[in-house]
Amino acid sequence: MISKIFCSAVMVGLLSSASAFAEEHVVKAVITNWEPMITYAKPGDTIKFVQMAGHDTASIDGMSPEGAAKWQSKMGDEGFTVTVQKEGAYIYKCTPHMTTGMVAAIVVGDGAPSNLAALDTALETVPLGKNMVARTIKKMKADLKAKGRIQ
Ligand SMILES: [Cu+2]
């Protein structure tokens, strides 16, 4: 009886710790695209960027959930890793190839990302490669719709 209660307490402890089940998601730089274009993750998961010769990875201002940390890798930083803690949608770029479409998305958490409206607002202030950011948001929304996560 005592050991059963103890085991239950341990299980609750494990389940409440996001890092205990954190996953690593690999995103590849392929020519001037990110593969996959949309990565689905849970809070606490990591995103690892590979095949980075000639590329960097950087968050875009206003294109992450409220309070999320920004990131900016060095060029060619093989295996650069971002840990996503906040739920919502993140749109990121490769700086040299942003205007040719090297823009992608990370969706963290379940259901509808809470910052979709904020992304649309921030889009107006993107100085370069705005059409490519818009294209990525559109594809992400279509994918979320197909998954039944947004209307
Ligand atoms: Cu690139």
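The legends below describe close-up views of a predicted model. Local features need pLDDT of at least 70 and side-chain atom pairs count only at pLDDT 80 or more, whereas totals for chains, interfaces and linings use all residues. Residue numbers start from 1 along each chain as its sequence is written.

**View 1. The open four-stranded sheet has the order β3-β8-β7-β5, with mixed pairing.** Strands are DSSP runs of E with at least two residues, helices are runs of H or I with at least four, and both are numbered from the N terminus; two strands pair if DSSP finds at least two bridges between them. Because β3 (38–41) and β5 (58–59) each have a single partner strand, they stand at the edges, and one side of each is left without a neighbour in the sheet. Four bridges join β3 in the parallel sense to β8 (residues 103–108), and Tyr-40 stands opposite Val-107 in β8.

**View 2. The largest nonpolar core has 30 residues.** Such a core is a set of buried Ala, Val, Leu, Ile, Met, Phe, Trp, Tyr and Cys residues joined through C-beta atoms within 7 Å, where buried means that 20 or more other C-beta atoms lie within 10 Å of the residue's own, all placed from the backbone. Among the residues that touch the most other members are Ile-47, Ala-89 and Ile-106. The largest share, six residues, comes from β8.

**View 3. Leu-116 lies in helix α2 (residues 116–123).** Leu-116 is partly exposed, because 15 other C-beta atoms lie within 10 Å, a count between the limits of 12 or fewer for exposed and 20 or more for buried. The C-alpha atoms of Leu-116 and Ser-64, which are 52 residues apart along the chain, are separated by 9.6 Å.
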